Amino acid sequence: MTATLTPPAPAVAPATAPRRPFRLIRHSLALAARSLTKTRRTPEQLLDVTLQPVIFVVIFVYLLGGAVAGSQHAYLQFLLPAIMVQTAMFASTAIGVNLNSDIKKGVFDRFRSLPIARSAPLIGAVVGDVIRFVVAMVVLIGFGSALGFRFGNGLLLGLAACLLVLVFSFCLSWTSVLIGMLVREPGAVQGISFLIMFPLTFGTNMMVPTDTLPGWLQAWVKLNPVTDVMAAARGLMLGGPIAAPVTSTLLWSAAILAVFAPLAVRAYRRRT
């Protein structure tokens, strides 16, 4: 009687090992849907990104338009792309406040008890908050169109400008996330975020051309990365230089994301 030798089964890696990245993505998207559900059930959270840009456009166009550009219509064309950048940046501050509030309420303690990737609640919340940027842009462009704003370079490049601003704002939102992880109170998160956003947004050529500013302020405007974002949005929407400001915007976005996203995730893991 001859013995039959069965070859050993090949070693198989645990099924979960190659799936970890996909597991993180799946869990993050599920929690992003949770964030969207919260926004849909409490639409008043969108008041700041719907009313604020409208108020800014009305105030600046009808108070400064005649003095700066000679006509309100010409000033609307100059101002609206910059207001779009400003609105998206202000909208990015809300994510830090919301995360800080959820942590204080114990929501993230409940997430820790679930069999999900540890970073998924944080990433999902940031991805889900992108809806605020989209709503802000849609409302602003719709209102601007009612006042007479038009895409001078066509609809396709106008949408490319919106996408570019969306990418920059998403990357910038990680700074707000980091503040939300380091500061103890939601009110303090909002205050610190606005202290950072105001010089970044108003320290640009948003309302007036750069050459009309004092010399010291011109130096800051030229160094300010938000100036490049506004220049890129104007170039894509209305015409003018595109390659240099778009490239600069993408490089700044990548740098901000590379620096602040890991720091935010690290601070999140320490706090939770």
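1. Let's start with the salt bridge (a side-chain nitrogen of Lys or Arg within 4 Å of a carboxyl oxygen of Asp or Glu): E185 pairs with K104, and their closest N and O atoms are 3.4 Å apart. The partners come from distant parts of the chain, 81 residues apart, with E185 in the loop between α8 and α9 and K104 in helix α4 (residues 94–105). The structure has 1 salt bridge in total.

2. A word on what you're looking at: this is a predicted model, in which local features need pLDDT of at least 70 and side-chain atom pairs count only at pLDDT 80 or more, while totals for chains, interfaces and linings use all residues. Numbering runs from 1 along each chain as its sequence is written, and side-chain values use heavy atoms, with hydrogens and water left out.

3. (Buried is under 20% relative accessible area, exposed is over 50%, and partly exposed is in between, with a 1.4 Å probe and protein chains only.)

4. Now the overall picture. The protein has 12 helices and 0 strands (DSSP runs numbered from the N terminus: H or I of at least four residues for helices, E of at least two for strands). Its C-alpha atoms fill a box of roughly 105 × 45 × 35 Å along the principal axes. Of the 272 residues, 47% count as buried. Take the contacts (heavy atoms within 4.5 Å) with a separation of 6 or more: 81% of them involve residues 24 or more positions apart.

5. Which residues touch the most other members of the largest nonpolar core? They are I83, M84, V85, M89 and V165, in a core of 45 residues. (Such a core is a set of buried Ala, Val, Leu, Ile, Met, Phe, Trp, Tyr and Cys residues joined through side-chain atoms within 4.5 Å.) Two or more residues each come from α2 (47–69), α3 (72–91), α7 (130–147), α8 (155–182), α9 (186–202), α11 (225–238) and α12 (243–271). Helix α3 gives the largest share, 12 residues.

6. Leaving out neighbours within four places in sequence, V165 contacts M84, V85, A88, M137, V229 and A233. Another core, of 22 residues, lies apart from the largest one and includes L31, A125, A267 and Y268.

7. How do α3 and α9 pack? Their axes are 10 Å apart and meet at an angle of about 170°, which means α3 is roughly antiparallel to α9. (Axes are lines fitted to C-alpha atoms, for helices over the stretch in contact, and angles between N-to-C directions run from 0 to 180 degrees; over 145 counts as roughly antiparallel, under 35 as roughly parallel, 65 to 115 as roughly perpendicular, the rest as oblique.) Q86, M89 and F90 of α3 meet F194, M197, F198, L200, T201 and F202 of α9.

8. N224, between α10 (215–223) and α11, is buried, with a relative accessible area of 0%. Beyond four places in sequence, N224 touches P199, L200, G203 and T204. P241, in the loop between α11 and α12, is exposed at 64% relative accessibility. P241 touches A231 and G235, again not counting residues up to four places away.
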